Amino acid sequence: MRDTLKSAAGTPSITGWRNRLPGLPVMTALILILVIVFLISLTIGRYGIPFEQLMQIFFAKIFGMTGQGTVETVLFNVRIPRILCGVMIGAALAGSGAAYQGIFKNPMVSPDILGASAGAGFGAAFAILNSFNIISIEITAFIFGLAAVGLTYALSSVIGRNSNAVLVLVLTGMVVQSLFSAFTSITKFVADPNNKLQEITFWLMGGLNSITSREVLMMFIPFVIGLIPLFLFRWKINVLSFGEEEAKAMGVDTGRVRLILILASTLLTSSAISVAGMVGWVGLIIPHFARLIVGPDYKKLMPASVLIGGTFLLIVDNVARTVFATEIPLGILTAIIGAPFFLYLLLKGRSAW
Amino acid sequence: MRSKKFTKVLVLSICMVLVLLTAVGCSSTTSSADKPSTASQAATTQLTKVVDGKRQFTDMMGKEVSIPAEVMKVYCTSPIGTYMVYTLAPAKLIGWNSKMTEDAMQYINAQYKDLPVLGGNMGGKNTYNTEYIISLKPDIILSVGQQGQNVASIDKLSEQTGIPVVNLDYSITATEQSYRLLGEILGDSTRGNMLADYIKNSLDKTKSMVAKIPDNKKVKVYYAESADGLSTDGSDSMHTELLNFVNATNVVTLETSASGMGTEVSMEQVLNWNPDVIIVNSMMGGDDFLKTVYNDSKWSSISAVKNKKIYKPASLPFNWFDRPPCVARVLGAEWLASTLYPDYVSVDLKSDVKDFYKTFYQVDITDEQATALINGGGGK
């Protein structure tokens, strides 16, 4: 896998990447798919809303009329906030996963493998334990997510010198991940069971069934702040993945760019976790899937990952909220789909990387 | 060279900061862990008032609520509430929280066997489907909890759906009050008060008998909650409330989780406690535990095992002791008292069981079924 990256470094210009498929039509198609899935999602749910009624409600809403009572509650308080959050969470996890893979020159990493998820989880538990307010909980989650990624990276660069860096980073990530999970367990262990413990458990479990417009807003701000640098610097991720010297030769301040990208990706991860809890696999498989479609050029890969991630999680959440009368936890579904798909990628060979 | 050293220092300092922060977090909580006083004081509740077609009152968690004057349908977020509504006004229940076993079903009236399974908020997890709950159009959401408990997730559900939440208290001493209030809410005060009186009389009777037990005669009980017997709950837990109520000593005096997670203990610790009686629960690996414990040399020296004093409370349709800590515990208190203290507690348990099932579940059971239930069975 490193070989493909190395050989990529040999290509004369960044724009000279072999194109899997032409960029613009693919992007348009992906946006179109997301929009279609979004519209379909509006019409499905355990509370049946016929299409005509849906249209009526939207027209009524546009012309400032009120009415319909329960149906409006379902649509505006339950279904739409949930759909919006689903798209953002999927996009955030896939986008940050793609960025991490480029920054660390490692196709095996994702927010969970680097420990960002576990770190953010611990940060939140710690903040809840100390009765921080909701914004401070988010900030603490972000800081600890960052600390975990930093720790993973620093440790792996000390240990992994002159050896298999890809493997060492993954292994170090596992260590950091379980370390932070242990911290979370300690926090839960000492928490007041009637109050704090339930709050922590509830936060870590996440789940999209109690999302209101407040969560949408809470997620939206860090989502935008995190996504902008990933888009602006997406071509620089290409440069980073060539290697340190090549990047420097191209006049890229690797240290600074890497730092900004890590900050942005971790912000995305921790904001997604704060709403949905730990949702695994999305950050790992979606970038690979996107690579299959648009190739490894981050100029196209980043937007493709974000779009596919949003669509994917929206579809998965639609299943979670409609198949049974009770909810299926999102993490279970992403694992059931993600694990076999990842195995398929491994079996298929590394050509996609 | 320099950068290598720098990285090492950086890594070390990050580690240290993390460890320090964790330590600070731990110490600050242990000092500020002011636990809400457990149940014993019955919540004082004003009964409801109807203003402008809305019924207004303060619920048992001290929250002001305003609900429709007439409540036709109720969604309960946990089995404790579901069983309360089922015993008081079953026609107003919109669904169960989890699937019931065939054995439990034979004590459930036919028209309620096929109510949908809706999930709930149990063990820190939300399994309900918000849209499905709305589609069933409940008038209120009923949450039965403990004083000082965090119900943020239930409040969220109410915020999303616009359906008001009513909080009741499940602690054994507050059950009577919960029934009186629920009776008014559901528009059947007659049945609510009748059941509340039944609960009060039954508990008072048990309480007065166990009150006579001298301290040196108190039985040491261990509650085994897993197939290996090494999960348990301490005396502060909602799961062992009945032990305190019948004047038994829970050997587990550790502060354990009241949230339903329990705690793991070591075999040596159990040997050290040497309980006189072990209570098991068929919902928590009790049957597997019973199969092996009498042949297990590790357990053989424990007094309860030597004297074959391991008891399994009936669990049909709802458990008499715990999991969930529901109204069946009223009968369970009597059963437990007479089981632990036969010299002090004399009751006609069989007839009381039949009476309780008739009054609360509205089913007639046979003498054989009553006897089977008393012995922890009662299934097919």
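Predicted model: local features only at pLDDT ≥ 70, side-chain atom pairs only at ≥ 80, totals over all residues.
Strands (E, at least two residues) and helices (H or I, at least four) are DSSP runs, numbered from the N terminus. Two strands pair if DSSP finds at least two bridges between them.

View 1. Residues are numbered from 1 along each chain as its sequence is written, and chains are lettered from A and ligands numbered from 1 in the order in which they are written. The open sheet runs S11-S9-S13-S14 in chain B, with parallel pairing. Its edge strands are S11 (249-250) and S14 (310-311), and each pairs on one side only. S9 (residues 220-224) joins S11(B) over 2 bridges in the parallel sense. There, B:Lys220 has B:Thr249 as its bridge partner.

**View 2. Helix H10 of chain B on the sheet.** H10 (residues 286-293) lies across S9, S13 (277-280) and S14 of chain B. The helix runs at about 140° to S13(B). Such angles run from 0 to 180 degrees between N-to-C directions, and axes are lines fitted to C-alpha atoms, for helices over the stretch in contact. Two residues are in contact if their C-beta atoms, placed from the backbone, lie within 7 Å.

**View 3. An open sheet of 3 strands in chain B.** The order is S4-S7-S8, and the pairing is parallel. S4 (74-76) and S8 (165-169) of chain B stand at the edges with a single partner strand each, so one side of each has no neighbour in the sheet. On average, neighbouring strands are turned by 30° against each other, direction ignored. S7 (residues 140-145) and S8(B) pair over 5 bridges. B:Leu142 stands opposite B:Val166 in S8(B). Helix H5 (residues 152-161) of chain B lies across S7 and S8, at about 175° to S7(B).

**View 4. Helices H7 and H12 of chain B.** The axes of H7 (residues 189-210) and H12 (residues 329-340) come within 9 Å and cross at roughly 20°. The two helices are therefore roughly parallel to each other, a term for angles under 35 degrees. In H7(B), the residues in contact include B:Ile199, B:Leu203 and B:Met209. Among their partners in H12(B) are B:Val330 and B:Ala337.

**View 5. Confidence in chain B.** pLDDT is the predictor's confidence in each residue, from 0 to 100. The mean pLDDT of chain B is 86, and 84% of its residues reach 70 or more. Over residues 22-45 of chain B the pLDDT is below 50.

Terms used
Parallel < 35°, antiparallel > 145°, perpendicular 65-115°, else oblique.
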